[in-house]
Amino acid sequence: MDMDKLQRDIPDLRSKALAELSSLEDRRTLDAWRVEYLGKKSEIAQWMKMLGNLSPDDRRMAGQQIHALRQTLESAFTERMREMDELEIERKLREETLDITLPGTPQAIGHLHPITRILMEIEDIFVKMGFAVVEGPEVETDAYNFEMLNVPKDHPARDMQDTFYLSEELLLRTHTSPMQVRVMEQMRPNIPVKVIVPGRVYRRDEDDATHSHAFHQVEGLVVDQNIRMSDLKGTLEEFAKALFGPEQAVRLRPSFFPFTEPSAEVDVRCIHCKGQGCRVCKQTGWIEILGAGMVHPNVLAAAGYSPDAYSGFAFGMGPERIAMLKYGISDIRLLYQNDLRFLRQFSQLR
Ligand code: FA5
């Protein structure tokens, strides 16, 4: 080993190694650097092996110099590692910063459908008047939907309520009135019977602005001793005032239903023109919201209540029509199309 050459090589190696080290940017190249300059096959390792060939004085001097070089490179390496760790942490902190002041992703909060709202409102009003709320089957028998309601086969009244048949005997109910009989059968012989029945009904009606083939009804039924037409009118008046406001009035017009006698169509004062007459009410000042009447003696008898001892009233309203009136909806089909632009207008309803 040539001492003179070593005296030049040591500082050369130091500056070369340190210059390279400071240019390294990642751990992989840093590792390669360590292998090259401090590893088993590094120049330093070669030199150490050859120290034995030197004279004792040269060996001591060269040994010290090589050792010092190795220490310099090792601590430079450690320092560079540390720097790189710090840079890495800084980079992570920079890249993974969370700006908690940014607005979040809004969560769409749903709300109830206007039909559901109006049903709840109708139920609330009647519950406060002491009515119980019950529900019945949408698939009905011909007997309950028609015959026990005094509508025999081939009766012309069936034409107004044509429906979807599942078999000769089974059909989709055309109204909630079959529940009049079912409820009375269940409660018999108890009085008073005082229920409302909300639910879906079906008819073979052409869909248009005021008709749907599937819609809702709320049936009402009261059976007791001495129930009179004035009870019916008073109850519906209370209902109309609670739903549309204290100024509201109702009007009964004579009508026909096979299961009530006498029967009436019930109108409320047009809420658009306050009874002055407008396009909505066809200039009459009144709008029909339901059918009603005194429970027919045949229906009482079919359900097991003696018509001589008991009387009752019943009504059947269309909540879609009531919602249209109350919320100013011009076409019933809007209620079934799930168009969010329409439905969102009802998000503030309480
Ligand atoms: C009936 O269905 C009788 N069951 C009501 C009744 C009950 C009378 C108890 C007497 C005693 P009507 O067919 O008129 O009657 O229907 C009642 C209400 O349902 C109507 O006033 C209307 O608001 C609503 N309605 C009827 N057909 C449709 C339809 N196709 N689409 C939307 N609503 C309808």
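Predicted model: local features only at pLDDT ≥ 70, side-chain atom pairs only at ≥ 80, totals over all residues.

Reader: Why is Glu-261 called partly exposed?

Author: Its relative accessibility is 47%. Buried would need under 20% and exposed over 50%, so with a value in between, Glu-261 counts as partly exposed.

Reader: How do you know which residues Glu-261 touches?

Author: Contact means heavy atoms within 4.5 Å. Leaving out residues up to four places away in sequence, Glu-261 touches Met-294 and His-296.

Reader: Now the largest pocket: what lines it?

Author: The largest pocket holds about 780 Å³ of space. It is lined by 38 residues, and the closest to its centre are Gln-161, Arg-203, Gln-217, Phe-257 and Glu-288. Strand E7 is one of the elements that give two or more residues to this lining, while E8 gives the most, with six residues.

Reader: How do the residues lining the largest pocket divide by class?

Author: There are 16 nonpolar, 14 polar and eight charged residues.

Reader: And which element gives the most to the lining of the second largest pocket?

Author: E8 does, with four residues. That pocket has about 550 Å³ of space, and among the residues closest to its centre are Thr-210 and Ile-287. Its lining has eight nonpolar, five polar and six charged residues.

Technical notes. Residues numbered from 1 in each chain as written. Heavy atoms only, no water. Buried < 20%, exposed > 50% of the residue type's maximum accessible area, 1.4 Å probe, protein only. 1 Å grid on protein atoms, 1.4 Å probe; cavity = no way out; pocket = protein on both sides within 12 Å on 5 of 7 lines; lining within 4 Å. Points joined across faces, edges and corners; volume = space filled by probe spheres on them. Nonpolar A, V, L, I, M, F, W, Y, C, P; charged D, E, K, R; others polar.
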